[in-house]
Amino acid sequence: MDKNLTVGIADMKFARQEGILITYALGSCIGISLYDPMIKLGALVHIMLPEVFGSGDGNIFKYADTGLAETLRKIEIMGARKPRLIAKIAGGAKMFELQGKSALGNIGARNIVSVKQILRSEGIRLVAEDVGENYARTMTFDVSTGGVRIRTYGRAEIDL
């Protein structure tokens with residue numbers, strides 16, 4: 001069975017037993033893979049911002065706080081258990097140099113901090129990361145193995 005699912009920006013998808021989840025254009029955004037190796041259930045969420053402000057815009061996967069909460073809720077319904085989950089993250093780059101102290105210029109760093117805080121507060125082990133710097137990444141998550149591969153233009157692929 002060939003099961004490849006593309007995870008868009010501000011999106012989340014999951015697969016069980018087999019399948020490849022892939023997300024592109026991880027600049028300041030962060031891709032977070034969550035994997036329960038016992039039941040081979042995995043989810044990949046692509047967040048853009050660290051937290052929702054006010055009532056937000058209705059897209060819960062756009063934000064780290066609401067996107068991770070909803071992803072956890074959904075995969076726990078499918079049988080995943082937080083103590084077994086492992087997380088891998090990629091992205092959080094500083095894609096633009098802005099004058100002054102604009103918060104937009106360091107949104108990638110704020111995303112990294114937010115995602116790590118949420119994972120820690122949920123008791124989820126962060127086992128690998130490829131974050132920061134100033135380049136975009138593509139993240140591929142193989143649900144049959146839990147393996148995550150990072151591709152970046154002009155750089156060697158790495159396995160997380």
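Two strands count as paired if DSSP finds at least two bridges between them. In this predicted model, strands β8 and β9 meet that criterion, pairing in the antiparallel sense over 5 bridges.

**Sheet**
- An open sheet is formed by 5 strands, ordered β1-β3-β8-β9-β10, with mixed pairing.
- Because β1 (4–7) and β10 (158–159) each have a single partner strand, they stand at the edges, and one side of each is left without a neighbour in the sheet.
- Strand β8 spans residues 137–142 and strand β9 spans residues 147–151.
- T140 stands opposite R149 in β9.

**Residue T138**
- T138 lies in strand β8.
- The relative accessible area of T138 is 13%; since buried means under 20%, T138 is classed as buried.
- Leaving aside residues up to four places away in sequence, T138 touches I22, T23, Y24, R149, I150 and R151.

**Nonpolar cores**
- The largest nonpolar core comprises 24 residues, and I32, L34 and V115 have the most contacts inside it.
- Two or more residues of this core come from each of β4 (30–36), β5 (41–47), α1 (64–77), β6 (86–91) and α2 (107–122).
- With residues up to four places away in sequence not counted, V115 is in contact with I30, I32, I47, A64, L68 and I89.
- Another core, of 16 residues, lies apart from the largest one; V7, A15, A128 and V143 are among its members.

Terms used: Residues are numbered from 1 along each chain as its sequence is written. This is a predicted model: local features need pLDDT of at least 70, side-chain atom pairs count only at pLDDT 80 or more; totals for chains, interfaces and linings use all residues. Side-chain values use heavy atoms; hydrogens and water are left out. A nonpolar core is a set of buried Ala, Val, Leu, Ile, Met, Phe, Trp, Tyr and Cys residues joined through side-chain atoms within 4.5 Å. Buried means under 20% relative accessible area, exposed over 50%, partly exposed in between (1.4 Å probe, protein chains only). Helices (H or I, at least four residues) and strands (E, at least two) are DSSP runs, numbered from the N terminus. Contact means heavy atoms within 4.5 Å.
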